[in-house]
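Thanks for coming. I have one structure to go through today, and I will keep to a few places in it. Please have the sequence and the 3D view open.

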Amino acid sequence: MLKLFLLPHTLQSHSKFSVSHQTLSSQQNKVPLPTMSIRFQSHTFASNPLLSNFPIPAESFSPSAALEALNTRLLNNAHSSPSSPIFKVLPFRNGKLLASSTAGTGDSPPIWHMGWIGLDDLRGIFENSSTQLSVDSLVYLGSIAEDDAVYWAIDVSTKVPELGTDMGLCFVELRTLMVATDWEDSQAMGNLAIAGHAKALLEWHNISRFCGHCGEKTVPMEAGRRKQCSNDSCKKRIYPRVDPVVIMLVIDRKNDCVLLASRRMRVSRLYSCLSGFTEPGESLEEAVRRETWEETGIEVGEVVYHSSQPWPVGPNSIPCQLMVGFFAYAKSLEITVDKKELEDAQWYSREDVRKALTFAKYKKAQRTAAAKVEQMCKGVETKQSLAADFKVESDEQAPIIVPGPYAIAHHLISSWAFSDQNEVNSVEFNSKRPVSSMSNLGFCAADGMFPSECFEDSAVLELES
């Protein structure tokens, strides 16, 4: 019988650290700058408990030691023993992770879980498919010494077709799961971070199968944490790719308003922050000013760092973007929209933005997505429509809709909107009052925007630089 694992209690904490942002002051005008809510701890996909587990794991659980123990188990066809660590593997297929769902308590929505499979069970599944489980196909995610467990990920896209067809398991888009995640559940948020890290590594392995220098095949090294060219005359080292993207809330201090933009999409009234990839040889601050000028014709002066968010749900060709958030202070106000990049851009007052944050029904969208995942795991629902997953209703009293609290754009916008308050109120969603900053709902992009490609099941968002 296939045995599934849940994360141990030691991994249930979303983060052992909280982020403290003190109010900064402009040296020019002595005007307090917006800050994060003091309730804010970490962005979605950040604070991976397998990566933020301190102190450093014991030597027996280092990647090299774990790989050696794994290789011994597979080569000797041995089963687990009391002296060996427990190996737990998270399978992915075509970018989707194996998941299950359990009913919530009371009127709580269903809760999804990662489909961890024991090494012996996984080897049996491979053998039933007349396929051999190779150590090179497994990627090290991390370990917890006190639980005697080592965690791995594997891409089974072309290997074991029957996996996930029974026992309430199914392969689900990570973007669907992030919408279905209860942001008040620290373990669920930690699960999402682990899944995001695993997906980013596996997608990077898929796009780095050949050396970019000589064209020969690459081979995994250090338990899949890097790769190396197999050509003895080359042996080029290749490391996981991270692409920095600046995302900025442009602020007009004098008129107390912010610049928000919309892209061509099927979600009406959705406005968000500007964003774009950094160019080679360009600082982050320079990228903020350039992107703002190119897309809206607004000149930016002062640039203030806010926070950053890993983003593993972009295009497969860009397996992990790092969204770097800033407040950017405008030096000019006349907008000239680049129609190739944006559909519209407007200045919005603090009152308008507060209304947008107040009336959006983010909690309802989360519950709907969670119920859909449950139906998928039961085999009732099979189609995954991003358009339906990310639909967020809003009261007509709000002039616009802004990205859900899942996206860094939401935190940039909300921290400015309520910067004149000591903290963002922690209240129920859709209660006609400000929402809590520590939440997890959003859209296809970290800036909360939907290009038309996001509505195709096989397509993903590509932020244009």
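I will take an aspartate, then a helix, then the cysteines.

A word before that: what you see is a predicted model.

Start with Asp 243. Asp 243 lies in strand β12, which covers residues 243-252. Is Asp 243 buried or exposed? Its relative accessibility is 14%, so Asp 243 counts as buried. The cut-off for buried is under 20% relative accessible area. As for its partners, the side chain of Asp 243 makes a polar contact with the side chain of Arg 241, at 2.7 Å. If we set aside neighbours within four places in sequence, Asp 243 is in contact with Phe 277, Ile 318, Cys 320, Gln 321 and Leu 322.

Next, helix α9, residues 408-417. How many of its residues are buried? The count is 10 of the 10, so helix α9 is largely enclosed by the rest of the structure.

Last, the cysteines. A disulfide is a covalent bond between the sulfur atoms of two cysteines. How many disulfides does the structure hold? The number is 0. Take Cys 170, which is in no disulfide: the nearest cysteine sulfur belongs to Cys 377 and is 3.1 Å away. Cys 170 is buried, with a relative accessible area of 8%. Cys 257, at 9% relative accessibility, also counts as buried.

That is the end of my part.

How values were computed. Residues are numbered from 1 along each chain as its sequence is written. This is a predicted model: local features need pLDDT of at least 70, side-chain atom pairs count only at pLDDT 80 or more; totals for chains, interfaces and linings use all residues. Side-chain values use heavy atoms; hydrogens and water are left out. Helices (H or I, at least four residues) and strands (E, at least two) are DSSP runs, numbered from the N terminus. Buried means under 20% relative accessible area, exposed over 50%, partly exposed in between (1.4 Å probe, protein chains only). A polar contact is a pair of N or O atoms within 3.5 Å; within protein, one must be able to donate a hydrogen and the other to accept it, and residues adjacent in sequence count only if both atoms are side-chain atoms. Contact means heavy atoms within 4.5 Å. A disulfide is a pair of cysteine sulfur atoms within 2.5 Å.
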